[in-house]
Amino acid sequence: MAQKAKARRTVVIGMLGTTLDTGMGAHRWTRWRPTVSLCQQEDLLVHRLELLHPPHGTSLAAVIRDDIARVSPETEVRLTSLPIRDPWNLEETYGALLDHVRANSFHPEEEDYLVHITTGTHIAQICMFLLVESRLIPGRLVQTSPGKGKDHGAVGTHAIIDLDLSNYDTLAARFRQQQREGLSFLKSGIDTRNAAFNRIIERIEQVAVQSRAPLLLTGPTGAGKSQLAKRIYALKKARNQVTGPFVDLNCATLRGDGAMSTLFGHVKGAFTGAVGDRPGLMRQANGGVLFLDEIGELGADEQAMLLRALEDKRFLPVGADKEAESDFQLIAGTNRDLQLDVERGRFREDLLARINLWTFRLPALRERPEDIAPNLQYELDQASQALGTRVTMSKEAQEYFLRFATSPEGRWSGNFRDLNAAVLRMSTLAAGGRMTRDVVDEELDRLRSQWRPAGAAAMSASEDVLVEVMGAARAAELDRFDRVQLADVVTVCRSARSLSDAGRMLFAQSRAQKKSVNDADRLRKYLARFGLAWADVSGRDAE
């Protein structure tokens with residue numbers, strides 16, 4: 001025969017209410033006393049009440065225990081005195097409650113736990129909430145309230161609160177909406193599609209709203225580190241997590257003796273030209289966010305001072321005898337490999353360990369081809385605001401630009417700075433605010449020239465020869481390998497007096513190893529592979 005399942009027991013953990021639970025005479029039964037009321041609920045059977053109280057509440061706790069025995073004989077009341085001298089002291093109260101919780105065993109497979117948060121000081125209620133929210137107490141909250149009417153005035157009502165937000169669809173939806181708004185804010189409202197980038201932004205949103213630890217943003221120049229740092233600050237400001245300003249500095253601009261003064265300030269007379277006190281950027285950022293872009297450019301002395309400021313919130317201005325204080329959150333940016341700089345002795349290992357608790361690498365624009373289209377629209381909107389007129393692209397122009405932008409030819413070496421500049425130039429040249437294919441063509445030529453590798457000018461000049469003899473369309477169809485080789489052959493042919501003469505120059509090494517050679521025929525067959533004849537490449541008839 002199957003064994004009957006053992007019924008689960010309900011255990012309540014609560015703090016004695018030294019004010020709300022008081023009552024010594026017979027009239028106490030006409031008053032609402034939360035702890036007694038909790039055990040009088042018709043639809044809640046409390047099997048055990050763990051009643052915690054301060055040392056001076058022992059007598060009152062005993063009265064409550066006896067009264068509960070009268071109204072709910074099924075309830076076992078266990079009294080526990082906690083060493084709390086000042087119930088309004090957060091550290092003392094939380095410490096005592098935490099020690100009590102850790103000293104006791106919980107059996108959630110057999111017992112349901114409720115934590116009564118109606119009684120006790122506000123500090124005690126906050127501590128109880130934290131213990132449940134952190135799952136140190138594996139239970140739910142229960143709150144009691146005085147009832148209405150003569151029949152329920154003393155008994156009151158109760159409500160159980162589960163901190164698992166998945167049980168509250170509306171609340172959970174609002175939290176998800178808030179997170180979506182935060183993500184959209186960090187992305188400047190751009191509907192990015194790159195999965196890796198979206199994961200980075202999601203993680204940054206989580207860290208930004210929950211932590212004041214340093215953030216390290218890495219990635220190539222122009223990837224958006226400065227813009228993202230400003231958005232992180234704005235998000236924290238909107239969530240009331242910072243009160244101070246956003247202060248930013250490109251460390252690559254710091255040079256010489258002025259570097260220390262710029263960051264940490266100086267006192268009057270600290271050096272020649274110091275005619276007054278200067279607070280420095282670090283003190284200006286007190287209560288806010290300090291963004292140090294290109295942090296790898298900081299000198300050794302500035303790195304040491306920054307480390308002290310991060311760890312102790314204190315630093316010594318130039319020429320000062322007294323330390324200054326500043327409590328700020330650091331966001332650092334770099335396009336360098338700081339770990340490599342540490343190995344080369346250019347960056348302090350202890351400073352890197354301090355700032356890379358949360359490190360996020362922003363990918364280059366060419367690594368996010370699917371995000372170029374939404375960013376193009378964003379840049380068009382920005383250009384429209386800058387120019388004071390609405391700028392749009394024709395469908396043909398947009399498709400043509402995106403085809404180039406997402407192809408291997410779109411190098412985007414300057415990342416978003418290149419995209420921003422390209423859109424702004426095209427928008428400025430767009431007649432009547434309508435961007436056409438001709439405007440895009442002009443911009444793409446400019447970008448190709450801008451991205452041409454160093455030393456490629458000569459190669460480009462040679463390749464232009466192919467356009468002359470084959471036309472742009474046919475030349476564009478050639479592989480790069482064939483383009484480079486054929487361009488050199490055509491250049492030699494143009495300088496040669498005849499087909500045979502050109503063959504002798506082109507095959508000078510291999511012809512020496514052959515007994516019978518026909519250089520002209522070899523060259524004629526090579527040109528024929530590309531649909532060319534001697535007359536096409538030299539402008540002269542064959543010999």
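Reader: What covers the buried residues of α4?

Author: First, a caution: this is a predicted model. The cover over the buried residues of α4 includes β1, β2 (48-53), α3 (90-103), β4 (111-116) and β5 (140-145). The residues being covered are Ile123, Ala124, Cys127, Met128, Leu131 and Val132.

Reader: How do you know that the span of helix α4 agrees with what it should be?

Author: Helix α4 covers residues 122-133, twelve residues. At 1.5 Å a residue they should span 16 Å. The end C-alpha atoms are 16 Å apart, so the two values agree. After α4 comes arginine 135, with a positive phi near 70°.

Reader: Why is threonine 10 called buried?

Author: Buried means under 20% relative accessible area. Threonine 10 has 14%, so the label is buried. Threonine 10 sits in strand β1, residues 9-15.

Reader: Which residues does threonine 10 touch, leaving out those up to four places away in sequence?

Author: Threonine 10 touches Leu44, Leu45, Val46, His47, Arg48, Asp112 and Leu114.

Reader: What makes glutamate 325 exposed?

Author: The cut-off for exposed is over 50%. Glutamate 325 is at 52% relative accessibility, so it counts as exposed. Its place is strand β11, residues 324-325. Not counting residues up to four places away in sequence, glutamate 325 touches Arg283, Lys313, Arg314 and Phe315.

Reader: How far apart are glutamate 325 and arginine 135?

Author: In sequence, 190 residues. In space, 37 Å from C-alpha to C-alpha.

Reader: What is noted about phi in glutamate 294?

Author: Phi there is near 50°, a positive value in a residue other than glycine. Glutamate 294 lies in the loop between β9 (289-293) and α10 (300-312). At 10% relative accessibility, glutamate 294 counts as buried.

Reader: Where is asparagine 415, and is it buried or exposed?

Author: Asparagine 415 is in the loop between α14 and α15. Its relative accessibility is 1%, so it counts as buried. Asparagine 415 is not a glycine, yet its phi is positive, about 55°.

Reader: What about helix α15? How does its reach compare with the expected value?

Author: Helix α15 runs over residues 416-429, 14 residues. From first C-alpha to last it reaches 20 Å, close to the 20 Å expected at 1.5 Å a residue. Its buried residues are Phe416, Asp418, Leu419, Ala422, Val423, Met426 and Ser427.

Reader: How do you know that the buried residues of α15 line one face?

Author: Look down the axis of α15. The buried residues fall within an arc of 160°, so they line one face of the helix. An α-helix has 3.6 residues a turn, so residues three or four places apart point the same way.

Reader: What does that buried side of α15 pack against, and what is on the face turned away?

Author: The buried residues of α15 pack against α13 (372-387), α14 (395-405), β15 (434-435) and α16 (437-450). Exposed Arg417 and Thr428 are on the face turned away.

Reader: Why does glycine 432 count as exposed?

Author: Exposed starts over 50%. Glycine 432 is at 85% relative accessibility, so it counts as exposed. The residue lies in the loop between α15 and β15. Glycine 432 and proline 374 are 58 residues apart in sequence and 23 Å apart in space, C-alpha to C-alpha.

Reader: Which residues lie nearest the centre of the second largest pocket?

Author: Ala223, Gly224, Gln227, Leu228 and Phe416. They are among the 29 residues of the lining. Elements giving two or more residues to that lining are α6 (195-210), α7 (225-238), α13 and α15. The most comes from α7, with six residues.

Reader: How much space does the second largest pocket hold, and how do its lining residues divide?

Author: About 600 Å³ of space lies in the second largest pocket. Its lining divides into nine nonpolar, eleven polar and nine charged residues.

How values were computed
Residues are numbered from 1 along each chain as its sequence is written. This is a predicted model: local features need pLDDT of at least 70, side-chain atom pairs count only at pLDDT 80 or more; totals for chains, interfaces and linings use all residues. Side-chain values use heavy atoms; hydrogens and water are left out. Helices (H or I, at least four residues) and strands (E, at least two) are DSSP runs, numbered from the N terminus. The expected span of a helix is 1.5 Å times one less than its number of residues. Buried means under 20% relative accessible area, exposed over 50%, partly exposed in between (1.4 Å probe, protein chains only). The arc is that of the directions from the helix axis to the C-beta atoms. Contact means heavy atoms within 4.5 Å. On a 1 Å grid over the protein atoms alone, a cavity is a set of points where a 1.4 Å probe fits but cannot get out, and a pocket is an open set with protein on both sides within 12 Å along at least five of seven lines; lining residues have an atom within 4 Å of a point. Grid points are joined across faces, edges and corners, and a volume is the space filled by probe spheres set on the points. Ala, Val, Leu, Ile, Met, Phe, Trp, Tyr, Cys and Pro count as nonpolar, Asp, Glu, Lys and Arg as charged, and the others, Gly among them, as polar.
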